[in-house]
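The sequence and structure are shown below.

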Amino acid sequence: MTDFYDELETRSEDERAGWLATALPAAIGRAKTAPALARLLRDVDPAAITTRAALANLPVIRKAELTEAQKKNPPFGGFATRLAAEFDHIFQSPGPIYEPGRLDNDWWRLGRFLHACGIGRGDIVQNCFAYHLTPAGMMFESGARAVDAAVLPAGTGQTDLQVRAAADIGTTVYAGTPDFLKVILERADELGETLSFTRAAVAGGALFPSLRQLYADRGIQTLQCYATADLGNIAYESLAMEGMIVDEGVIVEIVRPGTGTPLADGEVGEVLVTSLNPDYPLIRFATGDLSAVLPGNSPCGRSNMRIKGWMGRADQTTKIKGMFVRPEQVASLVARHPEITRARVLADREGEMDTMTVQIESPREAQAEYASSILATLKMKARVQIVAPDSLPNDGLVIEDRRRYD
């Protein structure tokens with residue numbers, strides 16, 4: 001097995017820029033053949049979108065918009081470039097929301113991640129992701145096929161049967177959520193069975209350091225990826241285990257929550273993903289997750305952008321005094337005043353009453369002016385606290401709920 005999945009993983013910065021100048025216009029042009037995207041991008045000239053800076057001028061697509069579009073125009077809301085019958089699979093995730101899938105060319109691009117885990121020909125993957133309605137099972141099966149590994153389509157639950165199959169077949173790789181492997185291993189111990197897992201490829205939940213160490217103590221190397229049903233593989237760990245490397249089939253931006261404004265490397269913000277999948281080309285799709293760019297290249301030699309992994313949720317919508325305050329409203333407040341660098345809403349309780357304080361990074365002492373803007377954008381009065389630029393925490397939060405009900 002070679003160190004890299006293909007030559008794409010080690011491209012230089014200039015090579016990536018040249019590729020982007022071709023790939024982005026092609027993706028935007030293809031996206032405009034999908035009815036919903038054609039309307040959204042009707043004034044966009046694909047030939048003009050050749051850089052990340054140009055991409056950042058396009059509108060953001062949020063999952064709520066996708067869900068509403070699917071209700072009006074099922075199953076895909078006009079966001080796919082193929083008819084439903086032209087896909088191999090149609091999945092239903094909780095919501096409900098529908099996602100397409102195809103069997104050819106490792107459609108979700110999980111093979112790159114599995115290769116980085118050291119998985120390939122000669123391995124048998126016990127795929128414990130669900131195969132029923134949701135796509136995770138097929139996503140990882142497609143990836144396993146891409147690296148020539150055999151698959152036991154185990155699905156979820158049925159722990160005793162999982163142990164029996166793992167022991168009888170000699171499965172070498174676990175694929176599933178991080179915590180279910182622990183359930184299988186502990187049940188195997190109770191049954192006196194010795195399993196042959198040496199690697200684990202996990203997703204769909206938090207891989208806590210203590211859990212990773214527990215598996216390492218059993219001789220199981222565990223790596224995780226960041227993938228979604230809509231976008232496929234977004235980023236993945238390599239053996240270097242320094243952040244997550246962005247997949248070669250997507251473009252990732254980190255933006256201020258509630259906006260489409262890119263943030264500087266290292267700042268925590270919302271993950272936006274542009275998928276280059278020609279069948280389902282989501283453009284600047286907001287995942288609702290928080291992360292940050294990790295500067296530099298991975299020690300493993302892969303040269304694509306790295307992110308720090310999942311750092312929480314960007315959708316911080318909070319009800320205060322009976323009214324919802326949304327990140328988009330906080331972004332509107334900041335946009336009203338060029339001197340404001342960041343703002344943060346604090347929800348507290350005093351006695352039995354909600355209170356709201358808005359912290360504003362600004363060189364100006366303009367409490368009255370800012371209070372008026374807060375009333376106009378957040379639709380309620382608040383205390384105003386002026387703080388020094390760059391003094392608010394770099395955690396991606398624009399709304400912090402500090403109320404406790406226990």
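Helices H8 and H9 cross in a left-handed manner. In this predicted model, helix H8 (residues 180-191) packs against helix H9 (residues 209-217) at an angle of about 40°, and their axes lie 11 Å apart. On the H8 side the contact is formed by Leu181, Lys182 and Leu185, and on the H9 side by Leu211, Leu214 and Tyr215. By class, the residues in this contact comprise 5 nonpolar, no polar and 1 charged.

A further packed pair is formed by H10 and helix H11 (residues 367-378), with an angle of about 145° and axes 9 Å apart. Here the crossing of H10 with H11 is right-handed. From H10, the residues Gln329, Val330, Ser332, Leu333 and Arg336 take part, and they meet Ser373, Ile374, Ala376, Thr377 and Leu378 of H11. This contact contains 5 nonpolar, 4 polar and 1 charged residues.

The pockets are considered next. The largest pocket has 48 lining residues, and those nearest its centre are Tyr226, Thr228, Thr287, Asp289 and Arg313. Several elements each contribute at least two residues to the lining of the largest pocket: helices H4 (63-72), H6 (136-146) and H10 (327-336), together with strands E3 (97-101), E8 (221-228) and E13 (285-291).

The second largest pocket has a volume of about 710 Å³. It is lined by 30 residues, with Glu13, Arg16, Arg52, Asn304 and Met305 closest to its centre. Helix H1 (13-31), strand E11 (250-255) and strand E14 (293-294) are the elements that give two or more residues to the lining of the second largest pocket.

| Pocket | Volume | Lining by class |
|---|---|---|
| Largest pocket | about 1300 Å³ | 22 nonpolar, 13 polar and 13 charged residues |
| Second largest pocket | about 710 Å³ | 14 nonpolar, 7 polar and 9 charged residues |

Ser238 lies in the loop between strand E9 (232-236) and strand E10 (244-246). Is Ser238 buried or exposed? Ser238 counts as buried because its relative accessible area is 2%, and buried means under 20%. Leaving aside residues up to four places away in sequence, Ser238 touches Ala116, Leu223, Ile245, Ser298, Cys300 and Arg302.

Definitions and conventions. Residues are numbered from 1 along each chain as its sequence is written. This is a predicted model: local features need pLDDT of at least 70, side-chain atom pairs count only at pLDDT 80 or more; totals for chains, interfaces and linings use all residues. Side-chain values use heavy atoms; hydrogens and water are left out. Helices (H or I, at least four residues) and strands (E, at least two) are DSSP runs, numbered from the N terminus. Buried means under 20% relative accessible area, exposed over 50%, partly exposed in between (1.4 Å probe, protein chains only). Contact means heavy atoms within 4.5 Å. On a 1 Å grid over the protein atoms alone, a cavity is a set of points where a 1.4 Å probe fits but cannot get out, and a pocket is an open set with protein on both sides within 12 Å along at least five of seven lines; lining residues have an atom within 4 Å of a point. Grid points are joined across faces, edges and corners, and a volume is the space filled by probe spheres set on the points. Ala, Val, Leu, Ile, Met, Phe, Trp, Tyr, Cys and Pro count as nonpolar, Asp, Glu, Lys and Arg as charged, and the others, Gly among them, as polar. Axes are lines fitted to C-alpha atoms, for helices over the stretch in contact, and angles run from 0 to 180 degrees between N-to-C directions. A crossing is left-handed if the near helix is turned anticlockwise from the far one by less than a right angle, and right-handed if clockwise.
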